[in-house]
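Please read the points below with the sequence and the model open beside them. They are meant for someone who has not looked at this structure before.

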Amino acid sequence: MGKMKAVVFRKYGTTAELEEAYVPIPEPGKKDVLVKVKACALNHLDLWVLAGMPGVKISMPHILGCDIAGEVVEKGKKAHGVPLHKPVIVAPGISCGKCSYCKSGWDSLCAKYEIIGFQNDGGFAEYVKVPARNILPVTGKLGMESWAAVPLVFLTAWHILVTRAALQKKETVLIQAGGSGIGSAAIQIAKLLGARVITTVGSEEKVKRAKALGAEAVINYKLKDFQTEVMRLTQSEGVDVLFDHIGGDTFTKSILCLKKKGRIVTCGATAGRTASFDLRYLFTHQLSVMGSYMGGIPELQRIVRRIQDGRLRPVIDQVFPLREARQALNRMVARENFGKIILKP
């Protein structure tokens with residue numbers, strides 16, 4: 001195989017460790033395909049992998065990027081049913097496809113579950129190798145930048161709101177950080193389910209954009225205390241469901257925003273991986289605390305259908321060339337984005 005352009009890092013650290021390099025084009029195995037990357041979206045996961053995840057070893061040099069859109073240009077001998085040279089997205093989670101979890105759509109509980117760009121090389125490159133079962137054909141009506149903004153955030157948000165929290169019509173949900181990629185996806189999914197959406201953002205400009213997505217109430221947490229505002233907006237009752245991907249002290253405070261019998265679901269720890277709260281408050285209010293991790297390929301297929309029929313739409317913040325991956329990630333570190341930041345090889 002020849003060489004391809006990629007952005008890699010050779011040791012753990014900050015975005016300063018990222019560098020452009022020429023690396024071998026990966027060779028697909030029997031059940032794999034080679035995808036020519038047309039666009040790859042950024043996620044906070046990229047920063048966590050770059051910094052080093054406790055107890056997880058990855059090969060070096062490493063290529064980040066789990067949100068990939070492109071086209072299949074080569075197939076392994078047993079990679080059946082995959083279109084060549086047609087628009088596709090890549091389901092970001094790799095699993096065995098055979099265990100009880102995979103067969104029931106809970107891929108992320110598979111003992112062999114891995115995330116592209118985390119345990120495997122990802123899409124910050126011209127090509128990426130993935131299992132054929134991870135390929136989802138998509139319509140050409142949306143550009144590749146838009147499709148790259150779909151997989152991880154919409155899948156995670158769907159798994160949280162639909163599968164885990166079972167959010168119902170007319171319930172009230174608080175979505176933390178509505179300006180983030182996952183927050184912008186969650187606002188839309190919650191509205192699709194008929195829920196009342198309250199969200200938090202960090203600037204007045206983001207207030208306007210969150211409302212345009214369907215949020216009924218938007219709290220600028222830099223100007224107002226979000227707990228006080230939530231209780232005011234709900235006549236001191238609190239929300240039915242709380243969508244958390246922040247962690248730390250924000251998670252602790254979020255619990256106090258729940259209505260009695262409320263549900264809080266968390267999928268991230270951007271502000272810290274530990275949180276403390278009074279267990280007496282938890283059991284006297286009969287609250288539910290749930291974790292959520294990625295989602296299954298069947299869920300992503302349902303999301304794709306709703307995007308293709310216009311009921312959900314990816315939100316793009318800014319598009320950078322691949323060589324500017326460091327600047328793109330720094331924009332996310334600074335929380336300047338609303339929606340997804342995209343790289344194009």
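1. A residue counts as buried under 20% relative accessible area, as exposed over 50%, and as partly exposed in between. Phenylalanine 277 has a relative accessibility of 33%, so it counts as partly exposed. The model is a predicted one, and the points that follow should be read with that in mind.

2. Which ring does phenylalanine 277 pair with? Its partner is phenylalanine 251, in a tilted arrangement with 6.2 Å centre to centre and 50° between the planes. Phenylalanine 251 belongs to helix H8 (residues 248–255), while phenylalanine 277 sits in the loop between strand S14 (258–266) and helix H9 (279–284), so the pair ties together parts that are 26 residues apart in sequence. At a relative accessible area of 7%, phenylalanine 251 is buried, whereas phenylalanine 277 is partly exposed.

3. The whole structure contains 3 aromatic pairs. Another of them is made by phenylalanine 9 and tyrosine 12, again tilted, with 6.4 Å between the centres and 45° between the planes. Planes under 30 degrees apart would count as stacked and those over 60 as edge-to-face, so an angle in between is called tilted. Phenylalanine 9 is buried, at 0% relative accessible area; tyrosine 12 is partly exposed, at 36%.

4. A charged side chain is also found over a ring. Lysine 253 lies over the face of phenylalanine 226, 5.2 Å from the ring centre.

5. How much space does the largest pocket hold? Its volume is about 1200 Å³. The lining is made of 50 residues, and His44, Trp48, His245, Ile246 and Thr270 are the closest to the centre. Two or more lining residues come from each of helix H1 (44–51), helix H4 (151–164), helix H5 (181–192), S11, H8 and strand S17 (340–344). By class, the lining has 24 nonpolar, 18 polar and 8 charged residues.

6. Isoleucine 246, one of the residues closest to the centre of the largest pocket, is placed in the loop between strand S13 (239–244) and H8. Is isoleucine 246 buried or exposed? With a relative accessible area of 14%, isoleucine 246 is buried. Its C-alpha atom is 31 Å from that of serine 100, a residue 146 positions away along the chain.

7. Strand S11, which contributes to the lining of the largest pocket, spans residues 196–201 and includes threonine 200. Threonine 200 is buried, having a relative accessible area of 2%. Its side chain makes a polar contact of 2.8 Å with the side chain of glutamine 176.

8. The second largest pocket holds about 320 Å³. Its lining has 16 residues, with Lys31, Ser95, Cys96, Pro131 and Arg133 nearest the centre. Here the classes are 5 nonpolar, 4 polar and 7 charged residues.

9. How many cavities of 30 Å³ or more does the structure hold? There is 1, and the volume of the largest cavity is about 40 Å³. Its lining consists of Ala91, Pro92, Gly93, Asp107, Leu155, Gly295, Gly296, Ile297 and Leu300. These lining residues comprise 5 nonpolar, 3 polar and 1 charged.

10. The backbone has a few places to check. The peptide bond between methionine 60 and proline 61 is cis, with omega about -5°. Proline 61 is in the loop between H1 and strand S4 (67–75).

11. Where do the residues with a positive phi lie? Lysine 261, whose phi is near 70° although the residue is not glycine, is part of strand S14. Arginine 335, also not a glycine, has a positive phi of about 60° and is found in the loop between helix H11 (325–333) and S17. Lysine 261 is exposed, with a relative accessible area of 62%. Arginine 335 is partly exposed, at 47% relative accessibility.

Conventions: Residues numbered from 1 in each chain as written. Predicted model: local features only at pLDDT ≥ 70, side-chain atom pairs only at ≥ 80, totals over all residues. Heavy atoms only, no water. Phe/Tyr/Trp six-rings, centres within 6.5 Å; stacked < 30°, edge-to-face > 60°. Buried < 20%, exposed > 50% of the residue type's maximum accessible area, 1.4 Å probe, protein only. Helix = DSSP H or I, 4+ residues; strand = E, 2+ residues; numbered from the N terminus. Lys NZ or Arg CZ within 6 Å of the ring centre and 35° of its normal. 1 Å grid on protein atoms, 1.4 Å probe; cavity = no way out; pocket = protein on both sides within 12 Å on 5 of 7 lines; lining within 4 Å. Points joined across faces, edges and corners; volume = space filled by probe spheres on them. Nonpolar A, V, L, I, M, F, W, Y, C, P; charged D, E, K, R; others polar. Polar contact = N/O pair within 3.5 Å; in protein donor to acceptor, adjacent residues only side chain to side chain.
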